[in-house]
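I opened my notebook to look around this structure one piece at a time. Come along and follow my entries.

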Amino acid sequence: MSTENTPTNGSTTATALAESPREKLTKKAITADHPTWCPGCGDFAVLASYYKVIEKRQLDHEKIVTLAGIGCSSRFPYFVNGYGAHFIHGRAVPLASGISLARPDLHVFLFGGDGDGFSIGGNHLNHGARKNVNLTYFIMDNFVYGLTKKQTSPTSPIGFKSKTDPTGAIDQPVNPMKQLISAGASFVARTHATQVNHMIQMIERAMDHQGFSVIECLSECVEFFPGAFDPANPRKGGAFSLIDEKKYDNTPEDELRHDVTDELAAYKLAQLPFPGVFGVFYESDRPTKNALEKKWIDTTREKLGNPTDLQLLQKTFDRMK
Amino acid sequence: MNETSTSVETDAPNSKDDPTAPRGSIATAPSTGPASDRADLRPENINDAVIRLAGDSQDGIQSAGAFLARLAGRSAQDVMTYMTIPATISGGPSIFQVRMGTGEVLSAGDEADFLVAFYQHSYQDHIGCLKEGGVLLYDSDNVAPDLDDKRFVYVGVPITGLTVEALGGTAKDKGKNIFILGLIAKIFHLDVDKLKALITEKFAGKDESIVNTALMAFQAGYGYPVGNVLTKQYRFEPHVPKEGERAQITMDGNQALAYGLIAAGVRFGAGYPITPWSSVMEILRSELPKYGGLFVQAEDELGAVSLALGFSFSGYLAVTGSAGPGISLKTEAIGWASMSEMPLIIINVQRGGPSTGLPTNVEQSDLFQAIFGGHGDSPRVVLAASTVEDCFYIAIEAARIARKYSTPVFILSDTSLATRIEAFDEPELKDLMIDPTLDLTPRPVGFKPYAVDQITQHVPPGARMLDGKYPLVSGLEHDEMGHPTGSPKLHMAMTAKRRNKLRQLAEEIPVPEIYGDQDGGTLLVGWGSTYGPIHDAVKLARENGEKAGALHLRHVHPLPNGLEKIFARFKRIVVVEMNDQGIYGFGQLATILRARFCEPKIESATKTDGLTFRVKEILERVFEGRSFAARKIPREGLAIVHTGTAPENVKSLKEVVPQGVG
């Protein structure tokens, strides 16, 4: 299988243009439709952080892929000028996995909300994590269904009054960090939409990580769950407590710091009562599905002597004669 | 069996000059006791035999049957098999029927010439399928047949005991299947060296002792003095190769689909296990990496179709597949593929439905689901494979259409095609193979993937947009760049655009050829795996003085243009299909044809017993009240026409409009 460009008529100029020096990728170049979110929505800050990261890292414009499922936050791809897909509810993880597995040259970013990720897409989240497909998944968690106007979400706290729980939610909410760690995600982090610098740091670390990297971002729904995340917002009198990661500086205080490769320690941090702590909970360098599949492909082909497709299929048919 | 040469008993003149001359028949007297060794007898020439092996699923009768089928293919004999497998994990009755012939074999045969019964229940359940004068070969350790029934020839062999004896204690009666194979090889004078080579190949790579055990079992069966009990032996007429004849390859329908996809340049896919689709994904999972591709076993059906759409989005046309229940689960994502105009191949190996239904039986009841499944107006293409050979070529046709029209394409197969082994002419691979390439050519200024007046061109990520404006792919109604719109005008325009490309496709679909009479009498219309029995039925009907023709549809949706002209020429049109007549009295294709052509002549002949159509059943339904002479159906017949993918049209396959999807 070749991945070279297929020459088409009159492509000489086009090729020349493609090889021409790139202009600097600016925020303007990657901005598309004006967001449809309500004024004050936490998701604006996520979008701004994403633009910042792309600008800072100067990724190749045509290699950025922005994907989403369904929900308020999943409108994300429309606001980014770049390749993208707005998929069906809950299934964006396998869609993104297909893209990542077939095209290692692309930067695969996936955006979604708590309903899309933890409810209708819960199975795919777990298996994407287990398979450790190389992609970055940013979950904007607002503890409520916003697009459908205030129903209980899988992360709504017990007692939350919604249109589907008029006397208060009674079901135990999902703990995203615990679920992701136990499902096998190899990079698990948590941030807050009001903390833009922290958010940018997390996105950058997630995209540099090889494997299934997930960031949960508390992103307030000002319309249906205002004030939900004030306890973690210093400007609203809350506390934004950061995870103190090990620095490996041989100091006595380093002993007490969090080892991001320690799964049990990460799990303990995830058990802290709301609003909990922020930063990288867990990071592991176990091999990605992308790498394992590639290894299998390479060794298989090498064993066969790297034949052409025609030689291979002809040989198979010869055995069936 | 069709005997075509002098038999020992009748000593008739050379019957090759007159194929309809009466034949000497097999002695019907039960041969119960040992007689003198009759090995000195000359074998009788035959050109067609139906052998049914009936046992339990763990007896390995499928592999014994498969050896016979492979041998037939290797001897350039035509072959068709039919099998049932129980849905239980281990155990349960199972059959494998092989029909081998020197001419072309279209169906697996209504009645068996030769029945091998491993157990009493095998005998009881299948003796009704043995034709009068046929041979019952039974395991006398397990079966006590009614020897007073003088219609059949009885050959009792202590199969279990002899197998255990031959192989020693540890193998128990495993190996009975190979013992039987040896016995059949003796009775039918099969090519022992070729069979032994097949057995050795089959177990190659395994422990040498396994090959030896298998060969010992074979030898024991072959060496059994069957001449003591069976007074006749047979020999297939040698196949006389025609000039330019291609080698035969032997495979089942699922293999043909998988290798057809590979030939078509499909290198990525995803699926979830379900009977009877699983073997397609098993083959692709181990084969695609050899071609630099990948098949992923997903967490569920929704994940599988989504992964496949991810592969297609990334620029490589991908495949997903399942059986009915899994297709139901994939339906929402297939609607997204219609909306976003994403190329995708969806294989449905149909089984009995609804719900879990009859997992190991055959039915053609997912046609509506394929054409209409899902919400909204979501056009897609539906193709139906008619034979094992066609499974191979239809995969290529599906890929061609998916790429050219940027659309989801269904391939309908079914349990009978999936499990049936057929021999067919080796495809000319060098003309068929397509090398998938990513089209990352920069797109010019003003490029619009969803231009209203053009067929959509999906652009894979990685291709630069020279005006800096990148397209989106969306499940929302969208404008020409893929951005969402609520404009009533645009929704109308885009709905029409998605539908019109199928009208455009219909223009290029060849009108199917009619087999048999071209006008006047009864036209039998079919789709899918009923191809063989319908054509056999037409053949037999015509020999009995009926005017009849057969029309078989490969492109079911959209239908080829011009069918109305064909329908106008016939007095009656009967659509034969394996599904229910529904509350209005018409099967699924019949309903669609009536709706499409408003043709009151269209009748419907359906059945829902979960078994393939017998020729007799079709005739009974189509020509009610008429009885047909119970003559052997002649074997010669028409070649299967793969219109559009026939070798002479192969060039057009490569004229795939670059759509950005390799």
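Before I start on strands, I note a rule: two strands pair if DSSP finds at least two bridges between them. I also keep in mind that this is a predicted model.

**Entry 1: a strand in chain A**

I began with the pairing of β1 (residues 64-68) and β3 (residues 107-113) of chain A, which are joined in the parallel sense over 5 bridges. In this pair I found A:Leu67 opposite A:Leu110 of β3(A).

Next I looked for another partner of β3(A), and I found β4 (residues 135-141) of chain A, running parallel with β3(A) and joined to it by 5 bridges. Here A:Gly113 stands opposite A:Met140 in β4(A).

Is β3(A) enclosed or open? I checked its residues: 7 of the 7 are buried, so the strand is largely enclosed by the rest of the structure. I reminded myself that in a regular strand the side chains alternate between the two faces of the sheet. I then listed each side of β3(A): A:His107, A:Phe109, A:Phe111 and A:Gly113 are buried on one, and A:Val108, A:Leu110 and A:Gly112 are buried on the other. Both faces of this strand are covered.

**Entry 2: where the chains touch**

How many residues does each chain give to the contact? I noted 65 from chain B and 56 from chain A. On the chain B side, the elements that give two or more residues include β9 (248-252), α7 (253-263), α9 (301-314) and α10 (324-340). The helix α9(B) gives the most, with 10 residues. I sorted the chain B side by class too, and it divides into 38 nonpolar, 15 polar and 12 charged residues.

I was pleased to find strands pairing across the two chains: β2 (residues 83-86) of chain A and β17(B) run parallel, with 3 bridges between them.

**Entry 3: chain B as a whole**

I counted 20 helices and 23 strands in chain B. The chain has 662 residues, and 56% of them are buried. Of its contacts with a separation of 6 or more, 74% are between residues 24 or more positions apart.

The domain assignment gives chain B domain 1 (29-236), domain 2 (250-438) and domain 3 (515-622). I looked up the centres of domain 1 and domain 2 of chain B, taken over C-alpha atoms, and 35 Å separate them. Their contact takes 15 residues from domain 1 and 9 residues from domain 2. On the domain 1 side, α1 (61-74) and β3 (78-84) of chain B are the elements that give two or more residues. The largest share, 7 residues, comes from β3(B). By class, this side has 10 nonpolar, 3 polar and 2 charged residues.

**Entry 4: two helices in chain B**

At what angle do α3 (residues 159-167) and α4 (residues 176-187) of chain B pack? I found about 105°, with the axes 9 Å apart. Angles from 65 to 115 degrees count as roughly perpendicular, and α3(B) and α4(B) are therefore roughly perpendicular to each other. The contact uses B:Ile159, B:Thr160, B:Leu162 and B:Thr163 from α3(B), and B:Lys176, B:Phe179 and B:Ile180 from α4(B). I sorted the residues of this contact into 4 nonpolar, 2 polar and 1 charged.

Technical notes: Residues numbered from 1 in each chain as written. Chains lettered and ligands numbered in written order. Predicted model: local features only at pLDDT ≥ 70, side-chain atom pairs only at ≥ 80, totals over all residues. Contact = placed C-beta atoms within 7 Å. Helix = DSSP H or I, 4+ residues; strand = E, 2+ residues; numbered from the N terminus. Nonpolar A, V, L, I, M, F, W, Y, C, P; charged D, E, K, R; others polar. Domains from an automatic or database assignment. Axes fitted to C-alpha atoms, helices over the stretch in contact; angles between N-to-C directions. Parallel < 35°, antiparallel > 145°, perpendicular 65-115°, else oblique. Buried ≥ 20, exposed ≤ 12 C-beta atoms within 10 Å, placed from the backbone.
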